[in-house]
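Subject: Structure handover and notes

Dear colleague,

I am passing on the structure below, and I would be grateful if you could look through it before reading my notes. The notes follow directly after it.

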Amino acid sequence: MKKLTFRRTSDSPPAEHEMLEIDADGSFAMWRSTGRMVGRFAGVVPDIEALVHDADRALRSSPAGSDRIAMDATLERIDVDGHQAAIAADLTLDGWWGVLLKRCRALMSELCEQPKAAIEIDLDNPSAPRLVHRGTEPLVLELIQPAATVGVWRDRDQTAEYWGYADIIETVSAEHGWQLEIPVPDARPRHGDNVIVEIALDVYHDGVPLRVHVSAVAEIAAPDGGVPPNAV
Amino acid sequence: MPHLVALQHSIGNAAVGRLVQRLDDPDALTPAMAQQLARRLKDAMDGWGTDEDAIYGVFTGRTQHQVNSIEAAYRALFGRELTTDLSDELTAAELRRLATLAPSEPAAAPTSPAADSAAPATPASTASPPAPSPAAPAPAAAEAGSSASPAPSPAPSPAPTAAAPAAGGDVAAAMPMTPALAAAAERANRAELAARRLRSAMQGWGTDEDAIFAVLTGRSAAERRAIADFYSLTYGRTLEFDLRDEMSGSELNEALRLLGQGELSSADELYQAITGAGTDEARVMRVLEGLAGDRARIRRTIADYRRKYGSLLVALNGDMSGAELTTARNHLGHIGHLTAIQEVIAGGEPDLLHQVPDFTIVSTADRLLLVARVHTETVVGDSDEGVLERIWGTADMAEVAAQNQSLYAASRDRGAEIPATLTTFGRFQNNFVQDMFEGGITAGDGIFDWTLVGDRLNVRVPIRFQPASGVTPPYATWQTQINNVWNQYAICEPGGRRIPVQFTMVNDSSASRTVRVVKNKVPGTLSPEDRANAGKFFEVMRPSTVPHEFGHFIGLPDEYQRTHGDFVEITGMDKTGPTNTSGRTEAQIADDLHTALHHDPAANRRIEVRRALTAAGLLVGGRAQQGNFAQDVMGEYNTRHGTLKDDLISQFTFEGSTQSDSGDRWLFQTVFSYASSSIMGNPGMFAPDPHQHPVEPRHLREFVSIVQQRNPTETWSMGAR
Ligand SMILES: [Zn+2]
């Protein structure tokens with residue numbers, strides 16, 4: 001294996017176009033457009049030998065899967081040196097490509113621990129979620145009255161949904177330490193509620209504005225709220 | 001006779017004349033009798049040789065009236081003169097003998113000396129030339145068959161008891177005769193002749209059945225009594241006993257029917273024709289043709305047959321087939337078809353239905369019973385399929401079929417070529433594929449069953465849900481969500497009729513479409529990672545997710561990230577977007593775009609493309625400007641350089657791609673795509689456009705057309721409930 005690319009694509013809103021590129025030496029670059037942390041990621045893949053091993057075995061077997069998937073599903077594709085396998089994101093593959101696929105899926109989540117220029121939501125206070133910069137490099141954000149939706153869930157039911165926005169219109173270059181609070185004053189979840197916060201905004205990536213959806217989930221652990229949530 | 005005068009006024013002289021004659025002559029032949037006798041004569045003369053004994057049997061002991069009737073019937077049936085035919089077939093001696101058998105002058109002026117039927121007169125004394133031959137040879141002296149027949153016909157019977165006034169002719173002649181008495185005496189003379197002929201037919205080698213039938217046919221009740229009385233008094237055995245002794249099977253049946261009735265009823269004739277050695281198809285057809293069109297007689301015949309022999313229709317089915325059977329059944333017409341249906345409902349063989357051309361003669365409830373009966377056949381053949389097709393095929397069965405869809409489906413399963421979809425119910429099936437913007441294909445199937453009965457359109461959408469272990473799918477919640485979006489509409493016409501459309505998603509283990517149901521990442525809570533699709537649901541989803549996927553289940557494609565053509569086709573609406581103020585034509589912009597997409601080195605292509613799009617005004621502040629302008633540019637590109645969309649994918653090659661390529665391509669493609677914010681365009685991740693309804697008329701087009709097809713005279717469209 002010289003180079004592995006793993007992509008997730010979905011046209012279904014919020015559209016996913018996420019990509020992970022890994023070189024044989026273990027260095028990686030990743031772009032995430034949805035999830036708890038979005039933006040650019042880079043670093044080194046742990047246990048690259050195992051990944052290369054799996055990829056080489058996959059290369060010696062027949063490509064598998066299908067790029068025909070269910071409506072609204074997400075398509076995943078692995079490309080190893082020009083050899084590809086494709087499958088819907090909620091299905092599994094047999095054989096060595098299946099093993100490789102499983103590893104790539106896990107990496108796309110694990111490698112979020114190595115942000116380069118990314119943002120996530122800090123949900124200390126559900127009525128004032130904060131966008132926070134992560135990583136070492138700046139990320140240009142287009143902030144046109146960025147809005148947060150706070151969903152409150154209990155016993156499989158959404159009991160409330162709140163909405164608030166920060167009244168700013170500007171393009172900022174978020175760097176280390178940058179954060180933006182988005183007030184959602186009505187959001188007062190109770191102990192035991194699950195809270196989900198979602199924020200959509202445009203992130204400039206090499207000058208191209210891309211829609212990203214960042215989200216956070218927390219369980220309100222103490223009766224009076226405000227206690228550090230268990231971010232998922 | 002005031003009655004008669006009145007009758008003459010109303011029905012005419014000729015008819016009254018016939019009536020009077022019939023009233024006056026108790027031994028007059030019924031038309032059926034005359035016809036049967038004429039046929040016996042024809043049979044006796046047809047074919048190889050002539051059956052003289054049968055001919056004698058016909059004429060033996062007939063009155064002149066009877067002979068006249070036979071002659072007339074013969075002429076009517078065969079268009080020939082009986083006299084001529086007899087003269088051709090019989091020798092002079094035979095003709096002379098014939099002349100001795102029937103008296104020329106019947107009851108009118110009793111010439112017989114006999115006052116009692118038991119007292120045999122000398123047949124010769126009353127014999128005159130038989131009427132059929134006006135120019136017949138002169139009456140010979142009484143020979144009364146003594147030479148030809150082994151029976152001692154001229155000899156008086158021993159008359160063992162003779163308690164009756166068996167006096168000689170002179171005594172009788174001396175008695176003053178009432179007309180009734182005179183008639184009885186004359187009848188007794190004729191009965192004696194007939195009885196003797198029967199006796200002779202039964203004696204000797206074998207039995208001459210045709211002669212027996214000929215004698216017994218066409219005797220009135222009084223005549224039959226007289227014949228039987230004479231026979232038993234003379235020979236010491238009852239006539240019936242001897243008939244039973246000499247004959248068996250269908251021949252005995254025929255003889256006994258004649259003895260009991262004087263004629264064969266249509267049922268009897270049919271039975272004889274069917275039961276005798278081999279079916280006498282010609283005879284069956286002849287009887288049936290005679291019945292054709294006369295519902296009362298057909299009804300009587302079928303009932304008579306059933307009483308005596310069982311089912312006529314079963315008998316016909318057993319002995320005939322193909323076109324012949326069809327013809328036979330057609331003669332029985334409406335009554336025959338009704339009978340067949342009744343017999344099948346009562347448990348008879350469904351084969352009886354093969355000849356029934358139209359089942360609307362019975363209620364729809366009865367028709368359903370027939371369908372069920374046909375389904376019980378172990379082998380449902382072509383003819384059975386035809387029955388099912390004719391039953392289901394009438395317009396009035398459309399609603400019935402809708403209310404009995406499993407029965408209807410069973411008929412189809414058994415091979416009946418009936419449409420899967422009527423105007424009252426049906427199954428919709430389609431499939432659709434959508435190219436994903438970055439390659440790949442999403443594919444969906446629309447499948448639903450609909451029923452349109454009583455101004456209500458019910459749509460059932462079957463899904464085989466496959467819950468993961470520990471997952472209980474919240475079906476009721478999902479249905480409520482569907483109700484909130486989809487069950488808000490009716491199909492309406494300007495006159496005010498409204499047909500509500502009711503959608504139901506049904507968990508059906510036999511459904512071909514499956515949806516897995518899995519736990520949420522955070523159980524009980526919808527996380528953003530819980531991305532449902534048409535093949536996978538979560539226990540908890542957004543309220544708009546099931547309604548969106550439900551739209552796919554009823555055959556609707558997505559309305560996001562579509563090409564302009566798709567978008568217009570799907571949504572029926574257009575987006576105008578900005579106009580071209582760039583100072584360059586769409587064709588020039590397309591060329592610019594083409595150059596940019598093929599820029600070398602490849603790494604700079606995205607910058608070149610962005611620059612071209614920005615210069616054209618299709619990217620403003622980095623944002624895609626969808627609309628007609630963009631579409632016109634794409635149209636020019638496609639005309640001049642191949643497919644733009646393909647180039648957008650291929651020119652940012654996968655292997656050499658970088659993360660930003662992906663983002664760029666997405667942006668560029670967005671310029672040339674469209675989306676609606678209906679339930680099919682935006683599954684509700686973010687607030688929908690308040691100006692657009694989640695369900696638009698285009699989404700209910702299929703259902704409007706279902707209603708339109710059923711009610712073609714009105715113009716239907718989607719409206720509120
Ligand atoms: Zn969809």
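Leu619(B) has its place in strand E9 (residues 619–620) of chain B, where helices (H or I, at least four residues) and strands (E, at least two) are DSSP runs, numbered from the N terminus. With a relative accessibility of 2%, Leu619(B) counts as buried; here buried means under 20% relative accessible area, exposed means over 50%, and partly exposed lies in between (1.4 Å probe, protein chains only). If its neighbours within four places in sequence are left aside, Leu619(B) is in contact with several residues, among them Arg610(B), Leu613(B), Leu667(B), Phe668(B) and Val671(B), a contact being heavy atoms within 4.5 Å. Leu619(B) and Val671(B) are 52 residues apart in sequence, and 7.6 Å apart in space from C-alpha to C-alpha.

Please keep in mind that this is a predicted model, in which local features need pLDDT of at least 70 and side-chain atom pairs count only at pLDDT 80 or more, while totals for chains, interfaces and linings use all residues. Residues are numbered from 1 along each chain as its sequence is written, chains are lettered from A and ligands numbered from 1 in the order in which they are written, and side-chain values use heavy atoms, with hydrogens and water left out.

**The two chains**

Chain A has two helices and 17 strands, whereas chain B has 32 helices and 12 strands. Of the 232 residues in chain A, 57% count as buried, and in chain B buried residues make up 51% of the 721 residues. If one takes contacts between residues at least 6 apart in sequence, 55% of those in chain A join residues at least 24 apart, and in chain B the corresponding share is 67%. The accessible surface of chain A comes to about 9,500 Å², with 48% of it belonging to carbon and sulfur atoms, and that of chain B comes to about 30,900 Å², with 53% belonging to those atoms; such areas come from the Shrake-Rupley method with a 1.4 Å probe, and for residues only the protein chains shown count as cover.

**Salt bridges**

Side chains of opposite charge can pair when their charged atoms come close.

Asp449(B) is buried, with a relative accessible area of 16%, while Arg427(B), at 40%, counts as partly exposed.

Arg611(B) and Glu608(B) form another salt bridge, with their closest N and O atoms 3.2 Å apart. Both residues lie in helix H28 (residues 605–616) of chain B, three residues apart, which is about one turn of the helix. Arg611(B) counts as exposed at 52% relative accessibility, and Glu608(B) as partly exposed at 22%.

There is also a network of salt bridges, which links Arg8(A), Glu16(A), Glu76(A), Arg105(A) and Arg531(B).

**Two loops with a positive phi**

Asp81(A) lies in the loop between strand E7 (75–80) and strand E8 (83–88) of chain A, and its phi is near 50°, a positive value in a residue other than glycine. Asp81(A) is partly exposed, with a relative accessible area of 32%.

In chain B, Asp455(B) is found in the loop between E2 and strand E3 (457–467), and the phi of Asp455(B), near 55°, is likewise a positive value in a residue other than glycine. Asp455(B) is partly exposed, its relative accessible area being 31%.

**A buried serine**

Ser673(B) is in strand E11 (residues 673–674) of chain B, and at 0% relative accessibility Ser673(B) counts as buried. Between Ser673(B) and Gln631(B) there are 8.4 Å in space, C-alpha to C-alpha, although the two residues are 42 apart in sequence.

Methods: Salt bridge = Lys/Arg side-chain N within 4 Å of Asp/Glu carboxyl O.
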